Amino acid sequence: HDPETDVYVYAHIHEGPKRGKPHSHGASWAVYGNIEGVTNMTEWRRVNPANEEGAVLEAIEQYPLGPGDSRDYPPHAIHSTEHPGKALVIRITGTDLATIPRYSFDPAKDKMLESV
């Protein structure tokens, strides 16, 4: 195990329709690559202070990833995925995501704002 060179590859089959919650990969970067189908991505920005309970998120960019498309996300980038139909997706990260703290939106406590 070498944190300088290790990468983690996750293969996902999304049967769709499916909409994921906003989340980050914590201190890890991530690259999403679409193999088949479409992944609609939304990037979010937190607009309230991090020390306040509940995150207020604003959508800042929305775009589709189709077959052959990929996009990189820096550490702590908040994003969400939506699959209108079946999609095959590869996600590569620089850390084993099961071992680090990550942000996940809790709709019972948090509020989302769509940008205009």
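Buried means under 20% relative accessible area. The views below come from a predicted model.

**View 1. Y73, a buried tyrosine in strand β6.** The relative accessible area of Y73 is 2%, so Y73 counts as buried. Strand β6 covers residues 70-73.

**View 2. Y32 and Y73 form an edge-to-face pair.** A pair of aromatic rings is described by the distance of the centres and the angle of the planes. The count of aromatic pairs comes to one. The ring centres of Y32 and Y73 lie 5.6 Å apart. Their planes stand at 90°, so the pair is edge-to-face; the cut-off for that class is over 60 degrees. Y32 belongs to strand β3 (residues 30-36) and Y73 to strand β6, so the pair ties together parts 41 residues apart in sequence. Y32 has 6% relative accessibility and therefore counts as buried. Y73 is buried as well, at 2%.

**View 3. W44 in strand β4.** Strand β4 spans residues 39-46. W44 has a relative accessible area of 8%, so W44 is buried. The side chain of W44 makes a polar contact with the side chain of S80, at 3.0 Å. I60 is 16 residues from W44 in sequence. In space, the C-alpha atoms of W44 and I60 are 5.4 Å apart.

**View 4. R71 over the face of Y63.** R71 lies 4.0 Å from the ring centre of Y63.

**View 5. R91 over the ring of Y10.** The charged end of R91 sits 4.7 Å from the centre of the Y10 ring.

Notes: Residues numbered from 1 in each chain as written. Predicted model: local features only at pLDDT ≥ 70, side-chain atom pairs only at ≥ 80, totals over all residues. Heavy atoms only, no water. Helix = DSSP H or I, 4+ residues; strand = E, 2+ residues; numbered from the N terminus. Buried < 20%, exposed > 50% of the residue type's maximum accessible area, 1.4 Å probe, protein only. Polar contact = N/O pair within 3.5 Å; in protein donor to acceptor, adjacent residues only side chain to side chain. Phe/Tyr/Trp six-rings, centres within 6.5 Å; stacked < 30°, edge-to-face > 60°. Lys NZ or Arg CZ within 6 Å of the ring centre and 35° of its normal.
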